[in-house]
Each structure stands twice: as C-alpha cells, then as structure tokens.
Amino acid sequence: MKILVVDDEEDVKSLFEQKFRKEIRSAQFEFSFAFSGEEALHFMAEHPSEVVMILSDINMPGMSGIELLKTIRKDFPAAPPQVMMITAYGDSNNHDQAMQLGADDFLTKPVNFVELKEKLLKTL
C-alpha cells in the first residue's frame, strides 16, 4: 500500500520509517513524505493513481490539512485515496469539519502507532 504522509515537521519521516520498519522491509507499506499541503498536491499530480492512503496533519503553515483535504476530494475523484487526518488538537470543530469534507478517519497526536498500524492493515 502506498501511503503519503503530509506533515510540516520533517522528523516525522524518520519516526514513521522507524515505527514501520518491518512493514516497509516486507513491502507491505511504502511511504512517501510531503512537508506541506502544496508539496502533497504536487506529488499527487505526479502519481495520480498510486497513493492509496494519505495521512495529513491539519495544522501546517501555508495550506492547512483541511484545505488539502478539500482540494484532494475536488481534484482527484477518479482515484480517491483514503484520507486520515492527524492533529495535535483533538477539538470537535476540526474533527467535524474534516469528516464533513470527506476524511475517512481522524487521529490525535501523539500518534498511537499500534492503533495506526491496525487501521492501515484493515484497509489493505
């Protein structure tokens, strides 16, 4: 499964690579990383049908995760990836807005990687 992780904190890349080492080695998951909403859209444009799941932070400078979600749902309807929103703020406003815009799931930081792994394996 190809997964695009979108987060403005670049240390997220090494964290995901460490937490999913076994799954990456066995080619169960393949992660790509974008460090802004704009970068994520560029990646999606270059790989339109490859990305199956997007894990996106909500609070990012420039394009927020909510704006990214809106754009993905509008511009990529032919191969709609599942989108899981991740935020440090578990407030109901962010949750409700993300779900109304078509998010498939919602996680709060710090990410529980055991729970995330279970959710990803269910979507395989």
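# Questions on burial and side-chain pairs

Biologist: What relative accessible area does Lys109 have?
Modeller: Lys109 is partly exposed, a class that lies between buried (under 20% relative accessible area) and exposed (over 50%), with a 1.4 Å probe and protein chains only. The model is predicted, so local features need pLDDT of at least 70 and side-chain atom pairs count only at pLDDT 80 or more, while totals for chains, interfaces and linings use all residues. Residues are numbered from 1 along each chain as its sequence is written, and side-chain values use heavy atoms, with hydrogens and water left out. For Lys109 the relative accessible area is 26%.

Biologist: Which side chain meets that of Lys109 in a salt bridge?
Modeller: A salt bridge is a side-chain nitrogen of Lys or Arg within 4 Å of a carboxyl oxygen of Asp or Glu. The N to O distance here is 3.5 Å. The partner of Lys109 is Asp57.

Biologist: How many residues apart are Asp57 and Lys109?
Modeller: Asp57 is in strand β3, and Lys109 is in the loop between β5 (105–108) and α6. Strands (E, at least two residues) and helices (H or I, at least four) are DSSP runs numbered from the N terminus. Asp57 is buried at 4% relative accessibility. The pair links distant parts of the chain, and the separation is 52 residues.

Biologist: Which parts does the salt bridge of Lys2 and Glu30 tie together?
Modeller: The side chains of Lys2 and Glu30 meet at 3.3 Å, N to O. These residues are 28 apart in sequence and lie in two strands, so the pair ties together β1 and β2.

Biologist: How many salt bridges does a search of the whole structure find?
Modeller: One of them joins Lys13 and Glu17, at 3.0 Å, N to O. Both residues lie in helix α1, four residues apart, about one turn of the helix. The search of the whole structure finds 10.

Biologist: How many aromatic pairs are there?
Modeller: Rings of Phe, Tyr and Trp (its six-membered ring) pair if their centres lie within 6.5 Å; planes under 30 degrees apart count as stacked, over 60 as edge-to-face and the rest as tilted. By this rule the count is nine.

Biologist: Why is the pair of Phe16 and Phe113 classed as it is, and what is the class?
Modeller: The ring centres are 5.2 Å apart and the planes stand at 80°, so the class is edge-to-face. Phe16 lies in helix α1 (residues 11–19) and Phe113 in helix α6 (residues 113–123), so the pair ties together parts 97 residues apart in sequence.

Biologist: Which charged end sits over the ring of Phe20?
Modeller: A charge sits over a ring if NZ of Lys or CZ of Arg is within 6 Å of the ring centre and within 35 degrees of the ring normal. Phe20 is buried, at 0% relative accessible area. At 5.3 Å from the ring centre, the charged end is that of Lys117.

Biologist: What arc do the buried residues of α3 cover around the axis?
Modeller: In helix α3 (residues 37–46), the buried residues are Gly37, Ala40, Leu41, Phe43 and Met44. They are on the same side of α3, because the arc, taken from the directions from the helix axis to the C-beta atoms, is only 160°.
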